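Here's a quick briefing to read alongside the model.

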Amino acid sequence: APGLLFVYFVRFLGPVASGRAVEESWTWVAGLGIQLALRLDGLSLLFALVVTGIGAIVLVYGGGYLAGNERLPRFYAATLFFMAAMLGLVLADDALVLFLFWELTSVSSYLLIGFDHEKEDARKAALQALLVTGAGGLAMLVGFLLLGEIAGTLQLSALEAQASLIQAHALYLPALLLLLLGAFTKSAQYPFHFWLPGAMAAPSPVSAYLHSATMVKAGIYLLARLNPALGGSDAWHYLVILAGTTTLLVGAVLAYGQTDLKRLLAYTTVSALGTLTLLLGISTDLAARAAMVFL
């Protein structure tokens, strides 16, 4: 199924490359004006291809890695649950819909990190990751609500046109800080980097998919998505570049002394996430392209 989804998304490469976005929307909570809005543009298409393409490979790998394990069906179910949540996150065009899928990735990650639940370190690592990323998600929700108050809309694709209004508003800095808190906790930026090495208590297919390829990129996706509306200000430059540079260096230094292969992977992943954050903090077209190539 993920392989077929990958092929399905490949079909959109031509239209999206020509500048056309594919949009679908359904009324969800009419009283609050919330639409179940999905949008496929260049950024979301790139992430959708990563989620489905690497997801298909990881499911094959996981089937071999856990062959004979009686909990293999649970692995498949939880991984597909996570994949659906991650796809919803990158395709969402409504901030509240994005938040819903954001928290679903944390819940499914909790199930996958704690897969070997008879081990105490797996249970502790799963709970730690859930608390850190879940709390960051709640901060992000408040940031989105402030952003909606400023711009009068929660539609992500409509925010870029109001960038000057948003950045001149008194609520801009509080909204920015809360949204960055959500992005930084999810993408293991310093000082929230500690949960990622712990999450390597998960089976290797989970570590490969969630904690190297996809879930930890959700914060990077959020930074890239909000860059046109929130980026370019002094506050954005200083906060995002500082966080990215610090994470890049801390991850590299901590990776240097590792002898366990999975912890080495964890800390080099932290460093790579710092590099991506640094590039998005520069907030130029060329830096954004560089970040997507590096991703």
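Helix axes here are lines fitted to C-alpha atoms over the stretch in contact, with angles running from 0 to 180 degrees between N-to-C directions. Helices (H or I, at least four residues) and strands (E, at least two) are DSSP runs, numbered from the N terminus. This is a predicted model, so local features need pLDDT of at least 70 and side-chain atom pairs count only at pLDDT 80 or more, while totals for chains, interfaces and linings use all residues. Residues are numbered from 1 along each chain as its sequence is written, and side-chain values use heavy atoms, with hydrogens and water left out.

**Helix packing: H8 with H12**

- Helix H8 (residues 172-186) packs on helix H12 (residues 234-256) at an angle of about 20°, and their axes are 11 Å apart.
- That makes H8 roughly parallel to H12; angles under 35 degrees count as roughly parallel, over 145 as roughly antiparallel, 65 to 115 as roughly perpendicular and the rest as oblique.
- On the H8 side, Tyr-172, Leu-173, Leu-176, Leu-177, Leu-180 and Phe-184 meet Ala-235, Trp-236, Leu-239, Val-240 and Ala-243 of H12, where contact means heavy atoms within 4.5 Å.
- Sorted by class, the contact of H8 with H12 has eleven nonpolar, no polar and no charged residues. Nonpolar covers Ala, Val, Leu, Ile, Met, Phe, Trp, Tyr, Cys and Pro, charged covers Asp, Glu, Lys and Arg, and the others, Gly among them, count as polar.

**Helix packing: H3 with H10**

- The axes of H3 and helix H10 (residues 204-213) cross at roughly 165° and come within 8 Å.
- H3 and H10 are therefore roughly antiparallel to each other, and their crossing is right-handed.
- From H3, Val-50, Val-51, Ile-54, Gly-55, Val-58, Tyr-61, Gly-62 and Tyr-65 meet Ser-204, Pro-205, Tyr-209 and Ala-213 in H10.
- That contact of H3 with H10 splits into nine nonpolar, three polar and no charged residues.

**Salt bridges**

- The structure holds seven salt bridges, each a side-chain nitrogen of Lys or Arg within 4 Å of a carboxyl oxygen of Asp or Glu.
- Glu-23 pairs with Arg-39, with the closest N and O atoms 2.7 Å apart. This pair links distant parts of the chain, 16 residues apart: Glu-23 in strand E1 (residues 22-29) and Arg-39 in strand E2 (residues 34-40).
- Glu-23 counts as partly exposed at 45% relative accessibility, and Arg-39 does too at 22%; buried means under 20% relative accessible area, exposed over 50%, and partly exposed in between (1.4 Å probe, protein chains only).
- Arg-39 also forms a salt bridge with Asp-41, the closest N and O atoms being 2.9 Å apart, and Asp-41 is buried at 13%.
- Glu-23, Arg-39, Asp-41 and Arg-225 are linked in a network of salt bridges.
- Asp-116 and Arg-71 form another salt bridge, with the closest N and O atoms 3.3 Å apart. Asp-116 lies in the loop between helix H5 (95-113) and helix H6 (120-151), and Arg-71 in the loop between helix H3 (42-65) and helix H4 (72-91), 45 residues apart.
- Both Asp-116 and Arg-71 are buried.

**A look at Thr-269**

- Thr-269 sits in helix H13 (residues 261-282) and counts as buried, at 10% relative accessibility.
- Leaving aside neighbours within four places in sequence, Thr-269 is in contact with Leu-196, His-211, Ser-212 and Val-216.

Note on methods. Left-handed = near helix turned anticlockwise from the far one by under 90°.
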